[in-house]
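Here is a short report on one protein model. Look at the sequence and the structure before reading on.

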Amino acid sequence: MTRNLVLFEEANGVAILTLNRPEVLNSLTPEMHVQIREVLAKIQSSPEIRALVVTGAGRGFCAGADLSEIDLTPDLGLMDRIDPGRLLSESYNPTVRLFQELRVPTIAALNGVAAGAGASLALLCDMTIAHPSAYFIQSFTKIGMIPDAGATWTLVNRIGYGRAMGLCMTGGRLDANRAKEWGLVWDVSESCLQDAVSLAEDLARMPTKALAALRQTLSVACHQDLNAQLEVETSHQSALGRTQDFVEGVTAFIEKRPAVFVGR
């Protein structure tokens, strides 16, 4: 029987995805990526799910790629056999794209270390609530590599070029409180999972399509001029103007009552 490397549960409109290899700090394998994408596909096709929390089992969020699965036997085929680019193309990049395209808001509950590709995974989420003992570390340069799985993009967009460069070049730890100061973490809490779920429940009562459109709009804001961004805003607003939630929001505003959004 295939082990559940990724756990899934859902309640009150919130899905919780838990990385489930606690004995190795939830290090990622290609099979884990398959199971993560299966969960994301389920969420994408389930209108009753309106927010996602991602966390890790045990004492860590995710220690990155499981390097022990790489065959490092020295022979003439070694370089072809361990091609990291192929691994990214087949396993990591499809997962990154699904997160970016997900129809619901996402929150990382950072319960411990988020290293390498594990940090990249946390950064894919729209918001992060971290335990005080949690930390990010991009230690790729210590093995002769660069950050991947989207981290070079998310870090520069969230904390700026200088801080991103220093963090990645040195491979140093960025603890939860400093990450909050830098704007990488939304909040720090001893009850990070509980608070992440509570926040997700709040978001699940909001206009889901608008939240997803907000991600898409802000994600391109730093890479184009104002005129181009105005076109992006206009396109999304036209689409959102045809949603039930927009009609409900305006009606509720006029009637001076709380809006009841349905995510459609």
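## Ground rules

This model is predicted: local features need pLDDT of at least 70, side-chain atom pairs count only at pLDDT 80 or more, and totals for chains, interfaces and linings use all residues. Residues are numbered from 1 along each chain as its sequence is written, and side-chain values use heavy atoms, without hydrogens and water.

## Strand 4

Strand 4 covers residues 106-110. Strands (E, at least two residues) and helices (H or I, at least four) are DSSP runs, numbered from the N terminus. Five of its five residues are buried, so strand 4 is largely enclosed by the rest of the structure. Buried means under 20% relative accessible area, exposed over 50%, partly exposed in between (1.4 Å probe, protein chains only).

In a regular strand, side chains alternate between the two faces of the sheet. Here Thr 106, Ala 108 and Leu 110 point one way, while Ile 107 and Ala 109 point the other.

Strand 4 runs parallel to strand 3 (residues 51-56), joined by three bridges. Val 53 has Ile 107 as its bridge partner. Strand 4 also runs parallel to strand 6 (residues 127-130), with four bridges. Ala 108 partners Thr 128 there.

## Cysteines

How many disulfides (pairs of cysteine sulfur atoms within 2.5 Å) are there? The count is zero. The sulfur of Cys 168 is 16 Å from the closest cysteine sulfur, in Cys 62, which is too far for a bond. Cys 168 is buried, at 12% relative accessibility.

## Helix 11

Phe 253 lies in helix 11 (residues 244-254). Phe 253 is exposed, with 69% relative accessible area.

Key:
A disulfide is a pair of cysteine sulfur atoms within 2.5 Å. Two strands pair if DSSP finds at least two bridges between them.
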